[in-house]
Amino acid sequence: MQKCEKCGRSFRWKDVLFSIWQSYKPITCSHCNTKHTINFTSKFIVSFVILLLALVVIFYLAPANGWSKPATFGVALVVVFCITFTLPTFVRYEVPTTKR
Ligand SMILES: [Zn+2]
């Protein structure tokens with residue numbers, strides 16, 4: 001799990017998850033109030049993984065199972081929602097260099 005760059009305290013899994021849900025909202029360390037933003041690579045990976053999963057559901061799972069459009073959309077949403085729970089383990093945050 002990601003640690004604060006300044007004081008080394010671990011971010012809570014929940015904080016990282018909520019940050020991702022709120023389109024990568026910066027995380028403020030609960031201990032020293034240092035603001036951390038998601039790094040570019042993590043942002044790219046998250047977007048890529050979500051897009052890839054949505055495409056797999058829409059173009060592979062849905063035609064294979066004969067799902068209707070609302071069902072496909074629902075499944076895609078559930079899959080993406082579930083995968084965001086695993087994201088806090090590999091995304092990386094950093095202190096914005098301009099504010100250091
Ligand atoms: Zn800190």
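I started with residues 44-61: the end C-alpha atoms lie 24 Å apart, and the span is 100% helix and 0% strand. Helices here are DSSP runs of H or I, at least four residues, and strands are runs of E, at least two.

This is a predicted model, where local features need pLDDT of at least 70, side-chain atom pairs count only at pLDDT 80 or more, and totals for chains, interfaces and linings use all residues. I note that numbering runs from 1 along each chain as its sequence is written, and that side-chain values use heavy atoms, with hydrogens and water left out.

Next I checked residues 73-91, which come out at 63% helix and 0% strand, with end C-alpha atoms 26 Å apart. The unreviewed UniProt entry annotates both 44-61 and 73-91 as "transmembrane region"; such annotations may be inferred rather than shown by experiment.

Then the metal. Which residues hold the zinc ion as protein donors? I found C4, C7, C29 and C32, each through SG, at 2.2 to 2.3 Å (donors are N, O and S atoms within 2.8 Å of the metal, or 3.2 Å for Na, K and Ca). Their sequence spacing is C-x2-C-x21-C-x2-C. I call the site tetrahedral because the 4 donor atoms subtend angles of 106 to 113 degrees; the cut-off is all angles between 85 and 135 degrees.

Buried or exposed, I asked of C29? C29 has 1% relative accessibility, so it counts as buried, while C32 at 25% counts as partly exposed (buried is under 20% relative accessible area, exposed over 50%, partly exposed in between; 1.4 Å probe, protein chains only).

C4 and C29 also sit in the largest nonpolar core, 12 residues in all, including V16 and Y93.

Conventions:
Core = buried A, V, L, I, M, F, W, Y, C linked by side-chain atoms within 4.5 Å. Tetrahedral: all angles 85-135°; square planar, octahedral: opposite > 155°, others 65-115°.
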